[in-house]
Amino acid sequence: MEVKIPKEIQSYHESVFFGLSWRQFFCSALAIGTAVGLYFLTRGVLGKETASWLCLIGAAPFAAAGFFSYNGLMLEKFLWTVFKSEVLLSARRVYRAENYYYQLLVAQNQKKRNKKDVKHTRKSRRATHEE
């Protein structure tokens, strides 16, 4: 008996039925239920061929929700992330570097200039008072 051990522990998923996880199994059952329900509701009105195509279209989102994974995100988290980045936070982003060293250097030079200006104004006041 051989047991496969994944290299990355986070990629491990427990199998419940037929090698499917709980999420995959539940979404597959929901897709089958949707397809069967749509078929029996529409076959008399639309015909068998059109009803079967409608069943495929109706069941596909539920099946995709169970098996979809992008960078570790399940479908609902992925869609929420896309919605946030494209709709809610879709402002133009401008990169502005903040050089803290430069800001400190400018502040320090400003202090030195202020001290020199104070000394210069004191000297000029003395010179005007002496005249």
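These are my notebook entries on a predicted model of one chain.

**Conventions.** I number residues from 1 along each chain as its sequence is written. The model being predicted, local features need pLDDT of at least 70, side-chain atom pairs count only at pLDDT 80 or more, and totals for chains, interfaces and linings use all residues, while side-chain values use heavy atoms, with hydrogens and water left out.

**Whole chain.** I looked up the secondary structure and found four helices and two strands, in the order α-α-β-β-α-α from the N terminus. Helices (H or I, at least four residues) and strands (E, at least two) are DSSP runs, numbered from the N terminus. Of the 131 residues, 10% count as buried; buried means under 20% relative accessible area, exposed over 50%, partly exposed in between (1.4 Å probe, protein chains only).

**Helix α2.** I checked residues 48-67 and got 20 residues spanning 28 Å from first to last C-alpha, close to the 28 Å expected at 1.5 Å a residue. The expected span is 1.5 Å times one less than the number of residues. I noted a kink of about 35° at A60, shortly before the proline P61. The bend is the angle between axes fitted to the seven residues ending at a residue and the seven starting there. I listed A51, C55, G58, A59, A65 and G66 as the buried residues of α2; these pack against α1 (22-46) and α3 (75-88).

**T42.** I placed T42 in helix α1. T42 counts as buried because its relative accessibility is 13%. Not counting residues up to four places away in sequence, T42 touches G47, A51 and L54 (contact: heavy atoms within 4.5 Å).
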